[in-house]
Amino acid sequence: MILNLFTLNTFGTFDWLIILALLALLLVQIVAIWRNKSGSMSRIWLKTGLNLLLWLTVCLFFINPAIEKSIDSNKILLVSDNIPQQAIQAVKDSLNITEVFSQKAFNRQVIDNPQLISQLGKIYLFGEDATPELLSKLNQKSIYWIPYFQPDELQAIHWKGILNKGEIQQIDGKISSSKVQMLRLKYGNQIVDSLKLSKGFNGFQLRFTNFSIGKTALTLTLEEKPLQEVNFFSLKNQPKHFQFILSNPDFESKTLADWLGKNGNQVETITTVAKNTQSKFSINTTKKFVPDIIITDPSNAGNSLVKKAFAEGKSILFINIEDPDIAIKSINQHLGTKWKVRRTSTQENLVISQDLTAHPYQFEPVAFQKVVFEYPIAIQKHYGKVGISLLNESFPLILSGDSITYTKIWQSTFQALNPSSDNAIRIDAPVYPDVVENLKTVQNTENRVIVAKDTAFTTQSGINPLSAEAKYTFRKTGWNTFQDSLAVYVEENQNDIARAKSIKPYLKESIDSTGNTAQSISTSLPEWLWYVLIVLLLTALWLEPKL
């Protein structure tokens, strides 16, 4: 950086008249001091010097002289206020940048030098505090963003803003931990899920089966410090049609059928009681019963009803598995699935809890397959969805009074097996005000979504004709009415994650980033410095007679 001569701003006639008036007042003041020769000569010269300095400072403040300096405008670094000098120096050294500005200093430079931005090359933003005004000024430039987050603060977080009861809610995030400590997700005082963070950077994932209906709020805490409130809207499940196709009556299937019926679903059970003889039992069914989900055992994998439902895209769940190796082979042969399992223990059963056991097998990962929460139940997607449960029996949970775990297992399973709802809407959370959000819809026939009293029009996906997407910017914080019966929570606190999200649309690294290698700019002293000098000189003039 090279300093050149002072330059003066351009003044009009009126401005020069004011400057001459100030000089005239200075002359009057000096003449008055020398006519009234009170005190020693050293006192008179001191008082004269202080007055000269005061009026000279006032004149310079009004003139506002500027210093011309040469900067390397090929790339500059704009830093947020909360970043320590050590971190700034590390970025400067790694990127070989010589010019560093705070955002306030840069805005002042732009005011003093209107052509500055047009002659800049690469602009690096260090931190998350870039204002919309600054980003708008740099809209046509090549911007590179370097995130900076304090230790023990969230760097990223994501969860589902709208989901069904029984669906798995998953919170993914990133954080740099200052020490080994616990991250907990709480519903009131109850811990829903937790994990231990190691010192340094951590990517984390917390999961739980959604248990609520309507507006729901949980709290993510680091030890006892609240980090983020997790707000989402939970939909009540619509009643489904379940059909049991069984080779023999058994207590596991009966308990599950009764539980489904008590939860408002329509259930039909077809059981083979003898050769060429079947019994049919129904719960809540109507005359036109068409099953959505088939529940059966591996011996019925080749049953015509099962194969027909699978070909129509219905969901199939296999329970009551006795020998996983034989059962998997039969299911793959009849339905064309690609299940693979391997034995993990020589023990007869794998104990999950006091009243719940499973076969000592594990699903091998294959394409289009997912495991239901932490239980040995997996789903594969083909024409329809095919699920397999390696649990031995779950009804002992009901007998022991642990209906919560029983509900958690089967709600999660059937939610994963459910076909997509005709009006399913998905939105990623957290949602921030004044940031464009994507609203995803499934099989939306109206080509629009309603947000409070506003309307957002959807665009059909080019990949999936049954899905569409709308872009919308929320302005109101808190809960917003959505599609009449739903709600979306818009965050009230503008944290670093929100500011980081607002920066991303302005990043345009592909723009030609060539700037002038050297450029002369004018720099004026900040106003506060002039005020400090004037106050100090006035204080000195007030103290001088008292000394």
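Select Ile123 and then Ile143, its bridge partner in strand S6, in what is a predicted model, where local features need pLDDT of at least 70, side-chain atom pairs count only at pLDDT 80 or more, and totals for chains, interfaces and linings use all residues. Residues are numbered from 1 along each chain as its sequence is written, and side-chain values use heavy atoms, with hydrogens and water left out.

Follow the chain from S5 through helix H5 (residues 132-137) to S6, a β-α-β crossover that is right-handed, meaning that, with the strands pointing away from the viewer, the path from the first strand over the helix to the second runs clockwise.

Next, select strand S3 (residues 75-79), which runs parallel to S5 and is joined to it by five bridges, with Leu77 standing opposite Tyr124 of S5. Colouring S5 (residues 122-126) by accessibility shows four of its five residues buried, that is, under 20% relative accessible area, with exposed over 50% and partly exposed in between (1.4 Å probe, protein chains only).

Then move to the open, mixed sheet of five strands in the order S8-S14-S13-S10-S11. Strands S8 (162-164) and S11 (190-197) stand at its edges with a single partner strand each, so one side of each is left without a neighbour in the sheet. Finish at S8 and S14 (residues 225-235), which run parallel and are joined by three bridges, and pick out Ile162 with its bridge partner Phe233 in S14.

Conventions: Helices (H or I, at least four residues) and strands (E, at least two) are DSSP runs, numbered from the N terminus. Two strands pair if DSSP finds at least two bridges between them.
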